[in-house]
Amino acid sequence: MRRLLAAVLVLAALGCRGEVQPVDTSDPGIKARIETALRGRSDLDLRYVTWDVVDGAVTVSGMVPTMTQIREIDRLVKRTKGVEAALINLVINE
């Protein structure tokens with residue numbers, strides 16, 4: 001019984017050793033992650049917002065309805081893996 005339990009524990013431990021996939025830090029990879037993060041938020045009005053990535057530097061430009069949305073976009077962009085710098089050129093459209 002102990003040998004069976006030991007074998008099960010060893011097999012379980014081996015199965016938990018998953019390989020970690022590296023994060024794509026290329027400009028297209030960063031842009032895709034930003035797009036996923038932003039478009040995944042239904043509370044953000046992105047109709048007039050564009051973003052571009054060059055050498056890890058992200059530029060977000062356009063218009064949003066509130067300062068809260070500017071702050072949230074800024075937060076989401078800056079916490080995206082691979083972003084070296086962020087320029088948030090957003091204005092409030094009233």
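Reply: Let us begin with a definition: a salt bridge is a side-chain nitrogen of Lys or Arg within 4 Å of a carboxyl oxygen of Asp or Glu. Side chains of opposite charge can pair when their charged atoms come close. In this structure, the side chains of R41 and E72 form such a bridge, with N to O at 2.5 Å. Two notes on the source apply throughout: this is a predicted model, in which local features need pLDDT of at least 70, side-chain atom pairs count only at pLDDT 80 or more, and totals for chains, interfaces and linings use all residues. Residues are numbered from 1 along each chain as its sequence is written, and side-chain values use heavy atoms, with hydrogens and water left out.

Me: Where do R41 and E72 lie in the chain?

Reply: Helices (H or I, at least four residues) and strands (E, at least two) are DSSP runs, numbered from the N terminus. R41 is in the loop between α2 and β1, whereas E72 is in helix α3; the pair links distant parts of the chain, 31 residues apart.

Me: Is E72 buried or exposed?

Reply: Buried means under 20% relative accessible area, exposed over 50%, and partly exposed in between (1.4 Å probe, protein chains only). E72 counts as buried because its relative accessibility is 16%. R41, at 25%, is partly exposed.

Me: Which other residues are linked with R41 and E72 in a network of salt bridges?

Reply: The network links R41, D43, E72 and R75. Within it, E72 also bridges to R75, the closest N and O atoms being 2.5 Å apart. Both E72 and R75 belong to helix α3, where they are 3 residues apart, about one turn of the helix. R75 has a relative accessible area of 37% and is therefore partly exposed.

Me: How many salt bridges are there by this rule?

Reply: The count is 7. One of the pairs is D52 with K31, whose closest N and O atoms are 3.8 Å apart. This pair also links distant parts of the chain, since D52 is in strand β1 and K31 in helix α2, 21 residues apart. Both residues are partly exposed: D52 has 42% relative accessibility, and K31 has 30%.

Me: What is the overall order of helices and strands along the sequence?

Reply: The protein has 3 helices and 3 strands, and their order is α-α-β-β-α-β. It comprises 94 residues, of which 24% are buried. Contact means heavy atoms within 4.5 Å. Among contacts with a separation of 6 or more, 58% join residues 24 or more positions apart.

Me: Which residue takes a positive phi in the hairpin of β1 and β2?

Reply: The residue is D55, with a phi near 50 degrees, in a hairpin that has 2 residues between the strands. D55 is not a glycine. With a relative accessible area of 68%, D55 is exposed.

Me: Which residues touch the most other members of the largest nonpolar core?

Reply: A nonpolar core is a set of buried Ala, Val, Leu, Ile, Met, Phe, Trp, Tyr and Cys residues joined through side-chain atoms within 4.5 Å. The largest one has 17 residues, and I34, L38, V58, V60 and I73 touch the most other members. Each of α2 (27-39), β1, β2 (57-64) and α3 (67-78) supplies at least two residues of this core; the largest share, 4 residues, comes from α3. Leaving aside neighbours within four places in sequence, I34 is in contact with W51, V53, V58, V77, T80 and V83.

Me: Which residues make a nonpolar surface patch?

Reply: Patches are made of residues with over 30% relative accessible area and no salt bridge: like charges are joined within 9 Å, nonpolar side chains (Val, Leu, Ile, Met, Phe, Trp, Tyr) within 5 Å. Accessible areas come from the Shrake-Rupley method with a 1.4 Å probe; for residues, only the protein chains shown count as cover. Here Y48, M63 and V91 make a nonpolar patch of about 270 Å². Y48 lies in strand β1 (residues 48-54) and, at 43% relative accessibility, counts as partly exposed.

Definitions and conventions: Pairing = 2+ DSSP bridges.
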